[in-house]
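This briefing is meant to be read beside the structure, one topic at a time.

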Amino acid sequence: MHWTTPAGHQAEGILYKPENFDPAKKYPIIAYFYEKLSDGLYTYQPPAPTPSRLNIPYFVSNEYLVFAPNISYETGHPGKSAEEYINSGMRYLAQNSWVDSTKMGIQGQSWGGYQVAHLITRTNMYAAAWTGAPVVNMTSAYGGIRWQSGMSRQFQYEHTQSRIGKTLWEAPELYLENSPCFT
C-alpha cells in the first residue's frame, strides 16, 4: 500500500489481510515494523512461535489485519521518523470501514521495540503495545558493550541504526529527545 505522510513523504508498506477477508466486517489491526519490511513481500513466513516478534501468519489467521510500514529516517530524529511513518500509515488505514480504529496495536522487537517505546510516549492512538528488547535510554545505552563482539555501542548510536549522527557530547539534546524514558 502507498500513502503520503504529514510531511509530504511518499510512503509504502505491506497490509496483510485474513484469508477470508470480508470488507463488511471490522478488523483489529497491528502495526509491526523494523525499518523496511516491504522487501519481504514474497517471503514465506511459517506460522511458528517466535521469541518476541509478531508472527504475522498467526495473527492474520485469527482475524487481524497486520500492517508492516517502511520507515525512512531523518538523521538525528529516529523517534520522530517512526511517528511520521507508522502513525500516518495507521491513520490512513483507519479511514477504511473495515479497520476497527478502537483496536489498533503496535509491536516491535529490538530496534522496532525502541520505536514502540517511543510511540507510546507520544500518542494514545494505540489500544495495545508489545515491545521486545527495547532501548529506552539512549544516554545510558550509548556506552554499552555488545555481547558477542565486545565493541562499544557508540558507533550504533552515532552512525548506524540509531542514526543520531553525532556523539553524545556533541548533541546530548538529541539523545534525550530520542529516549522514551525522558518524555
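Ser88 belongs to helix α2, which covers residues 78–94; helices here are DSSP runs of H or I with at least four residues, strands are runs of E with at least two, and both are numbered from the N terminus. The model is a predicted one, in which local features need pLDDT of at least 70 and side-chain atom pairs count only at pLDDT 80 or more, whereas totals for chains, interfaces and linings use all residues. Residues are numbered from 1 along each chain as its sequence is written, and side-chain values use heavy atoms, with hydrogens and water left out.

**Surroundings of Ser88**

- Ser88 has a relative accessible area of 8% and therefore counts as buried, a word that stands for under 20%, while exposed stands for over 50% and partly exposed for what lies in between, with a 1.4 Å probe and protein chains only.
- A polar atom of the Ser88 side chain lies 2.5 Å from the backbone oxygen of Glu84.
- Leaving aside residues up to four places away in sequence, Ser88 touches Trp3, Thr5, Pro6 and Glu83, where a contact means heavy atoms within 4.5 Å.

**Two glutamates with positive phi**

- Glu35, a residue other than glycine, has a positive phi near 55°, and Glu35 sits in the loop between β3 (27–32) and α1 (56–61).
- The relative accessibility of Glu35 is 19%, so Glu35 counts as buried.
- Glu63 is not a glycine either, yet its phi is positive at about 70°, and Glu63 is placed in the loop between α1 and β4 (65–69).
- Because its relative accessibility is 24%, Glu63 counts as partly exposed.

**The chain as a whole**

- The protein chain contains six helices and six strands, and from the N terminus on their order is β-β-β-α-β-α-β-α-β-α-α-α.
- The radius of gyration of the protein chain is 17 Å, close to the 16 Å from the globule rule for 183 residues, so the chain is as compact as a globular protein of that length; this radius is taken over C-alpha atoms, and the rule is 2.2 Å times the number of residues to the power 0.38.
- Along the principal axes, the C-alpha atoms of the protein chain fill a box of roughly 55 × 35 × 25 Å.
- Of the 183 residues of the protein chain, 45% count as buried.
- Among contacts in the protein chain with a separation of 6 or more, 66% are between residues 24 or more positions apart.

Key: A polar contact is a pair of N or O atoms within 3.5 Å; within protein, one must be able to donate a hydrogen and the other to accept it, and residues adjacent in sequence count only if both atoms are side-chain atoms.
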